[in-house]
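Morning, everyone. Please have a look at the model on the screen before I start.

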Amino acid sequence: VTGIGSQIALSGNSDLIQVCLGPGSVGSFNVLSGASVASTNLVIGDRGGNGSALVDGATVSLSGYRSDLADQGAGTTIGRGTDGSGSLTLSNNAQLTIVNDTAHGGLSIGGDRYYSGGTGSVSLLNGSSITSSGAYAGNVTVGYSGSGTLQMSGASSLDAGLGSIYVGRMSGSNGTMILSGASSATATYLGIATDHGIDAGNGTVVLTLGSLTAPTVEVGTNGILIAKSGLVTGALINRGTVVLDPPAEPGTLTIDGSFQNQSGGRLVLDVAPDGHSGFTTSHLVFTHGSTFDFSGALVTFDFLAGADPTAFLASGAFVLDSFLNSLGPDGVLLGLSSAFTNGQTYGSLFSASQFVATSDQYNIQDFMFSPDGTASFEVAAVPEPSSWVLMLLGLFGVAWAGRKGIRRDPEMSEMN
């Protein structure tokens, strides 16, 4: 369907567009250059089918109610059912709008509530958008009961309206959401491997110059939030892992709201060489007035790219203020301790926390770290591969010489 004025418009009480239904089916559906498509439901890659869709500089609008299915509003599923596989790409300011005024609907990638399993992927490129609106919630799920991937770049946007965003929703599901190039996602709740406090599947969200906005952003036990340069607006709850290293250099995550690290939640803070005989570190930044609770955190200091832990300690920077920061009212980046109130100290904030250190090139032993500013450990360089080869050759030589000696012993006994 291509060109301004070209369109497919379904009207009725059971509107459905399916792209590939059943084992062995393969097909594509393209909406291009100002064309438009309207329906109630769109399913791509259904129960053994392998389908794809491209919306490039065009619009797909989903609205209405399916009378042939109970409580089925407008929405789309990408990849569902056994061996179902689907992909959807929106590019060049393309728009997918979902409106639900009479029943619940939304977007599901990798399975849905009707057919479990499946593999789906959605890409939003170059200012494209997905918008869910209406009186009824239109949830967005990346990995419902199967495997789903959502990638956004080029200032693209996802707005779930009154609905939630789930990444890895059901037990056994796998979901990945990647936001880059000033892309954004907005919802009333965002759960990464969790559904309102109940741990679910496996979910990963990566922010590479991306932002999340929701009253609650929750990382479940099997969830991972990775930030190179990210912003979370709302209350961030962590029971899983928050990593500020994507993956070869320290990253920055800014929180405008609150942070609560629940028991077992991991916080990974990185150190890397800055190329000028110094170091660069991860930054977890809190805007002015944001609140924080680190009790129970499992904190890992990860030394990357050959960063020397001993030299970092000697630099005087091995303190939490090097990693945890506050934005003052004038926007200046300060150590988080500058925002402490009512007798707060790092010791009180990390009262039940544990600290470990890892390195890609050093063996760190007997590590001890005090939240209020002292660290001690022993360090040995991990042998280079060439050193391992020489060591193994030496051991082989010793073993060979010993074997020759054993062989000579009987002869010596006979001569004696």
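Predicted model: local features only at pLDDT ≥ 70, side-chain atom pairs only at ≥ 80, totals over all residues.

Let's begin inside. How many cavities of 30 Å³ or more does a search of the whole structure find? One. Which elements give two or more residues to its lining? Strand E6, residues 50–56, and strand E11, residues 85–91. The lining itself is made up of Phe29, Leu42, Ala53, Val55, Val60, Leu88, Leu90 and Leu96. Sorted by class, that is eight nonpolar residues, with no polar and no charged ones.

Keep Phe29 in mind, as one of those lining residues. Phe29 also turns up in the contacts of Ile8. Ile8 sits in strand E1, which covers residues 7–9. Set aside neighbours within four places in sequence, and Ile8 touches Val1, Phe29, Ser36, Val37 and Ala38. Is Ile8 buried, or partly exposed? Its relative accessible area is 30%, so Ile8 counts as partly exposed. For a sense of scale, take Val379. Ile8 and Val379 are 371 residues apart in sequence. In space, their C-alpha atoms are 67 Å apart.

Next, backbone angles. Most residues other than glycine have a negative phi. Two residues here go the other way. Arg47 has a positive phi, near 50 degrees. Where is Arg47? In the loop between strand E5, residues 41–46, and E6. With a relative accessibility of 30%, Arg47 is classed as partly exposed.

The other one is Asn342. Its phi is positive too, at about 50 degrees, and it is not a glycine. Asn342 also belongs to a loop, between strand E34 (333–335) and helix H2 (346–349). How exposed is Asn342? Its relative accessible area is 82%, and the cut-off for exposed is over 50%. So Asn342 is exposed.

Last stop, strand E32, residues 298–303. E32 is mostly covered, with five of its six residues buried. Which strands does E32 pair with? One is E28, residues 266–273, which runs parallel to E32 and is joined to it by six bridges. Within that pairing, Asp270 has Asp302 of E32 as its bridge partner. Another is E35, residues 354–359. That pairing is parallel as well, again over six bridges. There, Phe303 stands opposite Ser359 of E35.

That's my tour. Over to you for discussion.

Technical notes:
Residues numbered from 1 in each chain as written. Heavy atoms only, no water. 1 Å grid on protein atoms, 1.4 Å probe; cavity = no way out; pocket = protein on both sides within 12 Å on 5 of 7 lines; lining within 4 Å. Points joined across faces, edges and corners; volume = space filled by probe spheres on them. Helix = DSSP H or I, 4+ residues; strand = E, 2+ residues; numbered from the N terminus. Nonpolar A, V, L, I, M, F, W, Y, C, P; charged D, E, K, R; others polar. Buried < 20%, exposed > 50% of the residue type's maximum accessible area, 1.4 Å probe, protein only. Contact = heavy atoms within 4.5 Å. Pairing = 2+ DSSP bridges.
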